[in-house]
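Please look over the sequence and the structure before reading the points.

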Amino acid sequence: AAQHFASAFGFESLPGLVLSSLPGAVLVASVGVSAAWISSVTDQQREQAVRCVTTLFSLHTLLLIPLVEFVIKPVVHRLRPDTLHHHSFSFPSGHTSSATFISGALFLVLLPRLLAALAAARPGNVQLAPPPRPVLFALWMATSLGTALGRILSDAHWFSDTVIGALLGALLLLPLIVSLPPDEPLPAASEEEADPLLAVASAVPPGEALAALAVPEEAASQ
C-alpha cells in the first residue's frame, strides 16, 4: 500500500496520507468507546447515554458532512492545490472538520464518561479516573492539527481550508461540550438500584421484617 501511494503521489506526501487517515481512526475509536460506555452504565442511565451518543453522531453525519460537502464546497467552488490527484472542491476541509468534531466528542464527552462509569463500578480504582481536562484538550488539538497538517502535506487543501474546517467542527461541538462538561459524569446508581435485594429489604418496615424472621414458639417446641 505504501508503494502504491508513493508511486501515485510521491514519497514526500506519505506523511500527509498517514495524517489524513486520523479522522477514520478516531471515528472507529469513538464507536467503540460509545458502545463500551452504553454497556457499562445502569439501565436508568442507559437512556441518557444512548441519547447523547445518538446526538453526537447525528450532528456529524446528518449536519456537518452535508453542510461541508453539499452546501459550502459547491458554493465557494475553490479548486485544490493539486488538481491532478484531487478532483473535488477544496474549501473547507471536510477531513479537518470531521476530525475536529469527532475527536472532540471522543476526548471531551465519550471517553471521560466511560472512565467515570467504570470508576463508579469499581470504587477506589485510581487508574480509571478521567484524565485532567488540559490533557483531553491537548489530545483534541493534536488530532485536529495533525489532520490539518496531513491535508496540507497531501496537497489536498490550502491552509485556510483547514482553518475554516476546524472552526466548523469546533463550533458545532461547542454546545455539547458546554452542556455536558467532562467533569460531570452521569449520576451514579444508588445502593438500592445496584442491589435489588437491598431495595426489597429497605421497602419492608423493620418490625415486619423481624416478625417474619422470628421463629414461632410452637415450631420451636416441636
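Helix H6 covers residues 133–153, which is 21 residues; at 1.5 Å a residue it should span 30 Å, and its end C-alpha atoms are 30 Å apart, so the two agree. The expected span is 1.5 Å times one less than the number of residues. This is a predicted model: local features need pLDDT of at least 70, side-chain atom pairs count only at pLDDT 80 or more, and totals for chains, interfaces and linings use all residues. Residues are numbered from 1 along each chain as its sequence is written, and side-chain values use heavy atoms, with hydrogens and water left out.

**Helix H6**
- Buried residues (under 20% relative accessible area, 1.4 Å probe, protein chains only) of H6 are Leu 136, Trp 140, Thr 143, Ser 144, Gly 146, Thr 147, Ala 148, Gly 150 and Arg 151.
- Their cover includes helices H2 (14–20), H3 (22–40), H5 (94–121) and H7 (159–179).

**H5 against H6**
- The two helices pack at an angle of about 165 degrees, with axes 9 Å apart.
- H5 and H6 are therefore roughly antiparallel (angles over 145 degrees, on a scale from 0 to 180 between N-to-C directions).
- The residues in contact (heavy atoms within 4.5 Å) include Phe 107 and Leu 108 in H5, and Phe 137 and Leu 139 in H6.
- The residues of this contact divide into 9 nonpolar, 8 polar and 1 charged.

**Whole chain**
- The protein chain has 11 helices and 0 strands, taken as DSSP runs (helices H or I, at least four residues; strands E, at least two).
- Of its 222 residues, 34% count as buried.

Key:
Buried means under 20% relative accessible area, exposed over 50%, partly exposed in between (1.4 Å probe, protein chains only). Angles under 35 degrees count as roughly parallel, over 145 as roughly antiparallel, 65 to 115 as roughly perpendicular and the rest as oblique. Ala, Val, Leu, Ile, Met, Phe, Trp, Tyr, Cys and Pro count as nonpolar, Asp, Glu, Lys and Arg as charged, and the others, Gly among them, as polar.
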